[in-house]
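Here's a quick tour of one model, taken a piece at a time. Have a look at the structure first, then read on.

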Amino acid sequence: MTAKISFSIDSPRGSRTMSIAYERTGAGEPLLLLHGIGHHWQAWEPVLDILAAERDVIAVDLPGFGESPALPDGVSYDLSTVGATLGALCEALGVERPHVAGNSLGGLLALELGREKLVRSVTALSPAGFWSEAERRYAFVTLRAMRAGAQSMPLPMIERLSRSTAGRAALTSTIYARPGRRSPQAAVAETLALRGATGFHQTLAAGRDILFTDDVPGMPVTIAWGMQDRLLLRRQGVRAKHAIPDARLVRLPGCGHVPMNDDPALVARVILDGSR
């Protein structure tokens, strides 16, 4: 069952209280899992049991997504603020410098945590921020269209679409290379998560000017990219490798933008290898 924890964060208006929803399972060295924009912690469910066999896994709903409320009024969704919020979350959970793996927005945040030396290793799956301006605009237009589609469909239509392979493809093929592998219940849940994400527009707005060009020195970094990623094109992985020369670049054949469901065994192995 998803838990929630409250803690204090600094803001221009002083100390504010923040609440984060998370799932925690397994034993071993701590591993923080960060999902992408419009998603929720359940994006990691296909790999959770594999990872939990070797790690104390903490999968979180980012602020304004899933069951986590939006950031308090006056608190920005910029990279440094959300990164600091995740650092405060780890402190509240009693976790010191976990390993971190993130997908898309979560991958960008994972790299920020690595740059700030708040974690002990980083695995970033198709991380945001290594785009050209044209690629960023394409991704943002696609994300807005996905959100509008999710908001326009009544729940009975979403449930009906989820019952067939073709319907699940209509709901999720932008982010999965193999949408038919997603369960009907998961397809419904993540469509509703996208529809209800209170932090969606603020996060997109904060991302307009983000271009991650910094190195992450002194930190084990793995960059992995789905070879069938339709949202953040795989050539962005080469840019990530140029920005972070010591990073390990891994290609994920048969995987889309959210690879955990397309090939759980491969993705889990990449994360565990990166966190050793």
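Which residues does Pro 264 touch, not counting those up to four places away in sequence?

## Pro 264 and its partners

Pro 264 touches Pro 46, Val 47 and Ile 50, where contact means heavy atoms within 4.5 Å. Pro 46 lies 218 residues away along the chain, yet its C-alpha is separated from that of Pro 264 by 5.8 Å.

Pro 264 sits in helix 11 (residues 264-274); helices here are DSSP runs of H or I with at least four residues, numbered from the N terminus. With a relative accessibility of 24%, Pro 264 counts as partly exposed (buried is under 20% relative accessible area, exposed over 50%, partly exposed in between, with a 1.4 Å probe and protein chains only).

## What we're looking at

This is a predicted model: local features need pLDDT of at least 70, side-chain atom pairs count only at pLDDT 80 or more, and totals for chains, interfaces and linings use all residues. Numbering starts from 1 along each chain as its sequence is written, and side-chain values use heavy atoms, leaving out hydrogens and water.

## Helix 4's buried side

The buried residues of helix 4 are Glu 135, Arg 136, Ala 139, Phe 140, Thr 142, Leu 143, Arg 147 and Ala 150. They're on the same side of helix 4, because they cover an arc of only 160° around the axis (taken from the directions from the helix axis to the C-beta atoms). Their packing partners are helix 5 (155-162), helix 7, helix 8 (200-207) and helix 9 (235-243). Turned away from that side are the exposed residues Val 141 and Ser 152.

Conventions:
Helices (H or I, at least four residues) and strands (E, at least two) are DSSP runs, numbered from the N terminus.
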